[in-house]
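This briefing is for a reader meeting the structure for the first time. Please look over the sequence and the model before reading the points below.

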Amino acid sequence: MPQSSPPVLLLGATGALGTHLGQQLQQRGHAVRALLRNPNRDRQRLGFTPEEVFPGDLRQPETLRAACQGIETVVSAAGASLALALRPGSPTFDEVDAAGHRNLAEAAAEAGVQRVAYVSVLATEATRDLAYVRAHLDAEAALQAGPFETTIVAPTGYFGSFDIFLTLARFGFAPAPGGGSAETNPIAEADLAAFVLDALDQSAGKQEVGGPEVITRRQIAQLALKARQRRGFVMAPPLALLKLQGKLLTPLDRRLAQLLAFFAAVSGSECLAPPTGSTTLAQYFQDRLGN
């Protein structure tokens, strides 16, 4: 798309994936309009310089309507926080991911948007009934029902979700819930961003995607310890403990409770998708530590 074309509206621009999406959109010749909850604060968190910035939020329909004006293409990597921290009263995945993308679908339809790409999550037999995954599937359905062309990308998981392993490995241990034998092939955010934009250009419908390397949860823990150059040990807490923690936290922070329930289910089950990209988790860990 030449620079004279309308900018691409990017949602979730300050996240790890959103940063790479913004950078790669610009590298491909697109101007970018970013929707930011707090422009003065969030500008400092961007890894690229958007041509335009609109203040707004998925949960504020009026801001979405304004941001979608004059836009042909929307790319969304937005959703509720994935922080493993207690945040009482924080919005849930249904309130942000599902309801927010229903708002986006309405705003995009009203503005005459032609294409929408959404980064969802891989739904497996073990996870599809959980609140975290249901919210993403509801978001998909809302967008697919719109009058615009919709591209859905469902990854196994981002490398950034394993940063907690590096944090814990600093203290000489890393977790492998449920014994750690379940396999997955997570994907680097930069590789995922490239896949999303390629799928958007190809009008690819819905695609599931993972990274180039199949590894077990125990191997992930071991890689974190190795990256920290620690001889520590791998802990194998029972999955039931994660589930119990989620239930106990529900009255305080439903978002965190939903996230822990998802982590418990996905840690104990296979989560694989067709591979793409070239970055390995070991490389990612090394880069995170500046090695």
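The model is predicted. It holds nine salt bridges, and helix α10 is mostly covered, with 11 of its 14 residues buried.

**Helix α10**

- Helix α10 runs over residues 254–267, and at 1.5 Å a residue its 14 residues should span 20 Å; the end C-alpha atoms are 20 Å apart, which agrees.
- The buried residues of α10 include R255, L256, A257, Q258, L259 and L260. Further along the helix, F262, A264, A265, V266 and S267 are buried too.
- Among the elements that cover these buried residues are α4 (93–111) and α5 (131–144). The cover also includes α8 (217–227) and α9 (239–249).
- At the start of α10, the backbone nitrogen of R255 has a side-chain oxygen of D253 within 3.2 Å.

**A nonpolar patch**

- On the surface, L241, L244 and L248 make up a nonpolar patch, and together they have about 290 Å² of accessible area.
- L244 belongs to helix α9. With a relative accessibility of 44%, L244 counts as partly exposed.

- T184 is part of strand β8 (residues 183–184). Its relative accessibility is 2%, so T184 counts as buried.
- A polar atom of the T184 side chain lies 2.8 Å from the backbone oxygen of C271. With neighbours within four places in sequence left aside, the contacts of T184 include T156, E213, V214, I215 and R217. I220, C271 and L272 are also in contact with T184.
- E140 sits in helix α5. At 4% relative accessibility, E140 counts as buried.
- Not counting residues up to four places away in sequence, E140 touches Y118, S120, V121, I152 and K206.
- S203 is found in the loop between α7 (189–201) and β9 (206–209). It counts as partly exposed, at 38% relative accessibility.
- Most residues other than glycine have a negative phi. S203 is not a glycine, yet its phi is positive, at about 50°.

- Side chains of opposite charge can pair when their charged atoms come close.
- R28 and D201 meet through their side chains in a salt bridge, at 3.5 Å from N to O. R28 lies in the loop between α1 (16–27) and β2 (32–36) and D201 in helix α7, so this pair ties together parts that are 173 residues apart in sequence.
- R28 counts as partly exposed, at 31% relative accessibility. D201 is partly exposed as well, with a relative accessible area of 46%.
- R28 and D201 are linked with D198 in a network of salt bridges.
- R33 forms a salt bridge with E52, and their closest N and O atoms are 2.5 Å apart. R33 is in strand β2 and E52 in strand β3 (residues 52–55), so the pair ties together parts that are 19 residues apart in sequence.
- R33 is buried, with a relative accessible area of 7%, whereas E52 counts as partly exposed at 25% relative accessibility.
- The side chains of D57 and R59 also meet in a salt bridge, at 3.9 Å from N to O. D57 is buried, with a relative accessible area of 12%, whereas R59 counts as partly exposed at 46% relative accessibility.

How values were computed. Residues are numbered from 1 along each chain as its sequence is written. This is a predicted model: local features need pLDDT of at least 70, side-chain atom pairs count only at pLDDT 80 or more; totals for chains, interfaces and linings use all residues. Side-chain values use heavy atoms; hydrogens and water are left out. Helices (H or I, at least four residues) and strands (E, at least two) are DSSP runs, numbered from the N terminus. The expected span of a helix is 1.5 Å times one less than its number of residues. Buried means under 20% relative accessible area, exposed over 50%, partly exposed in between (1.4 Å probe, protein chains only). Contact means heavy atoms within 4.5 Å. A polar contact is a pair of N or O atoms within 3.5 Å; within protein, one must be able to donate a hydrogen and the other to accept it, and residues adjacent in sequence count only if both atoms are side-chain atoms. Patches are made of residues with over 30% relative accessible area and no salt bridge: like charges are joined within 9 Å, nonpolar side chains (Val, Leu, Ile, Met, Phe, Trp, Tyr) within 5 Å. Accessible areas come from the Shrake-Rupley method with a 1.4 Å probe; for residues, only the protein chains shown count as cover. A salt bridge is a side-chain nitrogen of Lys or Arg within 4 Å of a carboxyl oxygen of Asp or Glu.
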